[in-house]
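Q: I have a structure open on my screen and I'd like to learn how to read it. Can we go through it feature by feature?

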Amino acid sequence: VVDRVADDPRFRSDYAVLYDIRGARYTAQLDDGDEFASALRRREAEFQGRFALVVPQSLHVLARLFCALAKAAGVDRMGCFTDMEQALAWCRDLPKPPAA
């Protein structure tokens, strides 16, 4: 999905990405987290905004692991949530530039 979003001509690198998989059927594979983090790192130039995963409670621990793997790979703009409103608020709460 990271590659499909980055390749969409309507997408801009500073857009926040909110990926809602609360209703998806997902069976985790052992290398999913590493592949996800690798894709984000490989496409880092296309993802300068925040990347939020919204997951059902049953996948929250796994999503947190994905966030940790992404951070370890050098991508620190990813968060995971079980609540859509919290995810939207986090995406809107962009870091402020340092005061001069």
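Q: Which residue in β2 does leucine 18 stand opposite?
A: Two ground rules before we look. This is a predicted model, where local features need pLDDT of at least 70, side-chain atom pairs count only at pLDDT 80 or more, and totals for chains, interfaces and linings use all residues. Residues are numbered from 1 along each chain as its sequence is written, and side-chain values use heavy atoms, with hydrogens and water left out. Now strands: they are DSSP runs (E, at least two residues), just as helices are runs of H or I with at least four, numbered from the N terminus. Two strands pair if DSSP finds at least two bridges between them. Here leucine 18 stands opposite alanine 52 in β2. Strand β1 (residues 17-20) and β2 run parallel, joined by 4 bridges.

Q: What does the chain pass through on the way from β1 to β2?
A: The handedness rule goes like this: with the strands pointing away from you, a crossover is right-handed if the path from the first strand over the helix to the second runs clockwise. In this model the chain goes from β1 through α2 to β2, a right-handed β-α-β crossover. Another right-handed β-α-β unit is made by β2, α3 and β3. β2 and β3 are parallel too, with 4 bridges, and phenylalanine 51 stands opposite methionine 78 in β3.

Q: Which residues of helix α2 are buried?
A: Buried means under 20% relative accessible area, exposed means over 50%, and partly exposed is in between (1.4 Å probe, protein chains only). In α2 (residues 32-42), the buried ones are Asp32, Gly33, Phe36, Ala37, Ala39 and Leu40. They sit on the same side of α2 because they cover an arc of only 160° around the axis; the arc is taken from the directions from the helix axis to the C-beta atoms. Arg41 and Arg42 are exposed on the face turned away from that buried side.

Q: What covers the buried residues of α2?
A: Look for contacts, meaning heavy atoms within 4.5 Å. The cover includes α1 (2-7), β2 (51-54), α3 (60-72) and β3 (78-81).

Q: And which residues are buried in helix α4?
A: In α4 (residues 84-92) they are Met84, Ala87 and Cys91. These fall within an arc of 60° seen down the axis, so they line one face of the helix. They pack against β1, β2 and β3, while the face turned away from the buried side carries the exposed Glu85 and Arg92.

Q: Which way do the residues of β3 point?
A: Met78 and Cys80 point one way, Gly79 and Phe81 the other, and all are buried.

Q: How many aromatic pairs are there?
A: Rings of Phe, Tyr and Trp (its six-membered ring) pair if their centres lie within 6.5 Å; planes under 30 degrees apart are stacked, over 60 edge-to-face, and the rest tilted. The whole structure has 4 aromatic pairs. Phenylalanine 11 and tyrosine 15 are edge-to-face, 5.8 Å centre to centre with 85° between the planes. Phenylalanine 81 and tryptophan 90 are tilted, at 5.4 Å and 50°. Ring pairs also link Phe11, Tyr15, Phe47 and Phe51 into a cluster.

Q: What lies over the face of tryptophan 90?
A: A charge sits over a ring if NZ of Lys or CZ of Arg is within 6 Å of the ring centre and within 35 degrees of the ring normal. Here that is arginine 50, at 4.6 Å from the ring centre.
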